[in-house]
Amino acid sequence: MNNTNTLISLRGVTVEYDGVVVLDHLDLDIKDKEFVTLLGPSGCGKTTTLRIIGGFTEPSQGDVFFDGVKINDVPPYKRNVNTVFQRYALFPHLNVYENIEFGLKITKLPEEERKKRIKEMLAMVGLSGFELRRVNQLSGGQQQRVAIARALVNHPRLLLLDEPLGALDLKLRKEMQIELKRIQQQLGITFLYVTHDQEEALTMSDRIVIMKNGEIQQMGTPTDIYNEPINAFVADFIGESNIVDGVMIEDYLVEFGGRRLPCLDGGFGKNVKVDVVIRPEDWEICKPENGQFRGIVKSSVFKGVHYELMVQAPGEEEEWMVHTIENHPVGSEIGLILTPDDIHIMNKMSPEEEAELVSALEADSILEDGEESDEE
Amino acid sequence: MTKKQNSFTSNLYIFIVMAFMYLPILVMIIYSFNDSKSRGAWAGFTTKWYADLLQNESILTALWNTLIVAVISSVVATLLGTAAAVGIQAMKKRNRELIMNFTYLPVMSPEIVMGVSLMLLFVMFGVDFSLFTVIVAHITFNVPYVILSVLPKLRQMDKYLFEAAMDLGCTPLQAFMKVMLPEIMPGIISGFLIAFTFSLDDFNISYFVSGERAQTLPVLIYSMTRKRVSPEINALSAIIFVVVLTVLIITNLNDVRKEKQLQKGGRRG
């Protein structure tokens, strides 16, 4: 906490409900003016982490620091933090103006100042002229903007956003992602954002925290996390991946799919079983005779920008997912090449971990377009 | 059947239903102007029963008692019932269901059971029958109705509204007053109105706990009928009917106007 730059610190925060551990000794630091995203499948504890910082959930163990001051016992209404709730939670009996004014009235800000701030805020979220509308007459996107304005008008040090775009359609969601990032940079406020949508996280965040089962898997910039996933869970959760069994023959040499290939990783030891992760877009396609791997295109699906091919060599077990902007017809034979930096080596997951990964990902894909179940 | 015949039968049906409901009241109102004590014959128009009514102290006292009991008991029941509903809603599922069963019990059980048991309770504790006992009894049977009309509103409410209010700086009390209360107000008002009318109307329970001095109107009228219904009662009933009718018409007109406003607002939006 000596770092004056750190706004929020969680130290060994644990949350248990009826013996179920929702958060397990979580340590997390968020810097001032940072845009941090908590990303993970449902039930990973991301919403609970947000509620801890908002003051709505009490940690069973551990401490929460705000600006270096312990705030475990500070109630939500005394924290310099505001929240954009998942379903907005706008007050239906108040109009747009009154909704945004709510927090300012409670803190007894003079009327002149209130008017000025609300006007600014409405302009920023693009809702000038909507003051007297009833909130249930607004579209989802407009309600979303009111919720953001209602939180930001109080000039919090930290804004918590709980899957705020989950209820919007894809196009609106993309627009709002850019909008949110713009607002955050314009106001210089720290944003802590919760989502299970990896694309959203990659687009907006300065830093992503990937969580699973109440534990942090990896923290880093979007580029770091995408390019250097720390384990197969992260690799699979962020983007699509080929994950296969391999053996580290020695430092910088790995064997998988029946080939020995050079790689950039070392320090695993000799003849150690590992997971090998290859991003589908990292493959280079060439003539069959020139490839390190060769195989028949089993299927080809057009995904908008690229084609997704499934490639398998006759008699070989592995099936490779390949992304390419050039289509190759089903049944044709192609060659595949990897450069050493395309090959990512991870410690092997235990069978239990693997089972967890599968179930977590399945649960998530089911919930993807629905709502996230309560994590409490 | 042709359309015309069809509408004739349905009109006839409506007419018969209306006649069954309102003919007795009409007869009562007519007889309240009858210049004879007997119910059988019409002896000319008079308003003397209305004049007598204003002089009949026992009736006026009973009317006053009824109003006091209705106002106090429905206000107290509304406060208690609303608080109870908020508490019940916050409970865990099993406890909530348990409490709700206890809440339904007095509503389901015959009023006479409530009346007799309340009477025994007061006797056991040596409380003399008075307006106080009537009010306590009315609060008791009204609380469940308030709970039952407030709870659905609480259930409909976005459960994050309360947290949103606290997030914006409200203490829990402020959050309740500024956000929760306006949300559940329609339920509270309808609970209050139900309690008020039930209290005005109640005979069974009041009969057992009112004693000699604290008779409410229904109890008094019942005791009079054992001899003979005085035409003054007709006059009083006619007045009550007209008052209720007026209130109903006013609230309905209000509703219609509000709906029109809402539609206008909706078009603008």
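Me: Before we start, which conventions apply to the residues, chains and pLDDT?
Reply: Residues are numbered from 1 along each chain as its sequence is written, while chains are lettered from A and ligands numbered from 1 in the order in which they are written. The model is predicted, with local features needing pLDDT of at least 70, side-chain atom pairs counting only at pLDDT 80 or more, and totals for chains, interfaces and linings using all residues; side-chain values use heavy atoms, with hydrogens and water left out.

Me: How many salt bridges does a search of the whole structure find?
Reply: A salt bridge is a side-chain nitrogen of Lys or Arg within 4 Å of a carboxyl oxygen of Asp or Glu. Over all chains, the search finds 21.

Me: Which residue forms a salt bridge with A:Glu113?
Reply: A:Glu113 pairs with A:Arg117, and their closest N and O atoms are 3.4 Å apart. Helices (H or I, at least four residues) and strands (E, at least two) are DSSP runs, numbered from the N terminus. Both residues sit in helix 3 (residues 111-124) of chain A, 4 residues apart, about one turn of the helix.

Me: Which parts of the chain does the pair A:Asp206 and A:Lys181 link?
Reply: Their side chains meet in a salt bridge of 3.3 Å, N to O. This pair links distant parts of the chain, 25 residues apart: A:Asp206 is in the loop between helix 6 (198-204) and strand 9 (207-212) of chain A, and A:Lys181 is in helix 5 of chain A. A:Asp206 is partly exposed at 32% relative accessibility, while A:Lys181 is buried at 16%.

Me: Which residues are linked in a network of salt bridges?
Reply: A:Asp32, A:Lys33, A:Asp67 and A:Arg157 are joined in such a network.

Me: Now the packing: at what angle do helix 2 and helix 4 of chain A cross?
Reply: Axes are lines fitted to C-alpha atoms, for helices over the stretch in contact, and angles run from 0 to 180 degrees between N-to-C directions. Helix 2 (residues 96-106) and helix 4 (residues 140-152) of chain A have axes that come within 7 Å and cross at roughly 30 degrees. Angles under 35 degrees count as roughly parallel, over 145 as roughly antiparallel, 65 to 115 as roughly perpendicular and the rest as oblique. Helix 2 and helix 4 of chain A are therefore roughly parallel to each other.

Me: Finally, is B:Ser74 buried or exposed?
Reply: B:Ser74, found in helix 3 (residues 57-90) of chain B, counts as buried because its relative accessibility is 0%. Its C-alpha atom is 8.8 Å from that of B:Thr197, although B:Ser74 and B:Thr197 are 123 residues apart in sequence.

Notes. Buried < 20%, exposed > 50% of the residue type's maximum accessible area, 1.4 Å probe, protein only.
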